[in-house]
Amino acid sequence: MCRHLGSNRPPIVILTGAGISAESGLSTFRGDGGLWAGHRVEDVASPSAFERDPDLVYEFYNLRRRNLLSIDVKPNAAHKALERLQSEWSERVTIITQNVDDLHERAGSCNVIHMHGELLKIRHLDSGEVRSWNDDCDGSTLDGRWRPHIVWFGEAILEAAAISEALMSAGLFLCIGTAGQVYPAAGFVHEVAGPSVEFNIQGTAISKSFSAAVLGSAAEHFPIFVDALLK
Ligand code: OAD
């Protein structure tokens, strides 16, 4: 449950990336196994790929959706620690996620902005209507005019105004499990006035922009950081 009690504590923004879900059994984009069936992710996650070979793009997301819904995939200790931070911190805690999975929601988090869309939703190609969808989706789904509700390369991120507002009012910025190679997310660290901490198993393209770094598994280290923050 999200609370907002009012205190001298600053609002917090947390940016999450594929690394936070790695220990839940979802593969990251750019590490080992970051390729899919011999394709670079960029080559199947773009409007031109969908025009050229829609079946390939549908299949890519169908496999990822099925994997997300498999019994073994569940929120890990880092997702749960984020939910605890939202419940117990007395100021606003906003999660901006690049992830299209629903593991923050399954951990009980609220105030989650899915800037790159959501795997468990589909969008109508003509009307833009978005609906929840847990099954495969292809060119014959419903009236045949539906696509994954995912932001592809070259498309605008979702909820840009809400993201801007959250970043402007934040006094602490935390970044968990992102390689810092995809903009605009990789530039968010420059938009927050207060300190910033990066959590990653290794240094990234944007490490030098942070005030501090915690190197190691997010599931192991982030809960310890939350304990310290809440003390
Ligand atoms: P990447 O796969 O590029 O990077 C994952 C990051 O997580 C790497 O820096 C890893 O070192 C780190 N990592 C892996 N396991 C970790 C762990 N257990 N604990 C902490 N860190 C860990 O994923 P993103 O940066 O999220 O966009 O990718 C950004 C965007 O590029 C994605 O949202 C997607 C992709 O193409 C779209 O689909 C639009």
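Okay, one definition before anything else: when I say buried, I mean under 20% relative accessible area, with exposed being over 50% and partly exposed in between, using a 1.4 Å probe and the protein chains only. Next, this is a predicted model, so local features need pLDDT of at least 70 and side-chain atom pairs count only at pLDDT 80 or more, while totals for chains, interfaces and linings use all residues. Residues are numbered from 1 along each chain as its sequence is written, and side-chain values use heavy atoms, with hydrogens and water left out.

Let's start with Arg147. Arg147 sits in strand β6, residues 146-150; helices (H or I, at least four residues) and strands (E, at least two) are DSSP runs, numbered from the N terminus. Is Arg147 buried or exposed? Its relative accessibility is 7%, so Arg147 counts as buried. Leaving aside residues up to four places away in sequence, Arg147 touches Phe50, Tyr58, Ile122, Arg123, Leu125, Trp152 and Glu155, where contact means heavy atoms within 4.5 Å.

Now α7 itself, residues 160-169, where Ile163, Ala166 and Leu167 are buried. Why do they end up on the same side of α7? Because they cover an arc of only 95° around the axis, the arc being that of the directions from the helix axis to the C-beta atoms. As a reminder, an α-helix has 3.6 residues a turn, so residues three or four places apart point the same way. The buried residues of α7 pack against β1 (12-16), β2 (93-97), β3 (112-114) and β7 (172-176). On the face turned away from that buried side you find Ala161 and Met168, both exposed.

Last stop, the ligand. There are 22 residues around the ligand, and Glu23, Phe29, Arg30, Thr178 and Asn200 come nearest; a residue counts as near if one of its heavy atoms lies within 4 Å. For Thr178, a side-chain N or O atom is 2.6 Å from a ligand oxygen. For Ala179, a backbone N or O atom lies 2.9 Å from an oxygen atom of the ligand.

Notes:
A polar contact is a pair of N or O atoms within 3.5 Å; within protein, one must be able to donate a hydrogen and the other to accept it, and residues adjacent in sequence count only if both atoms are side-chain atoms.
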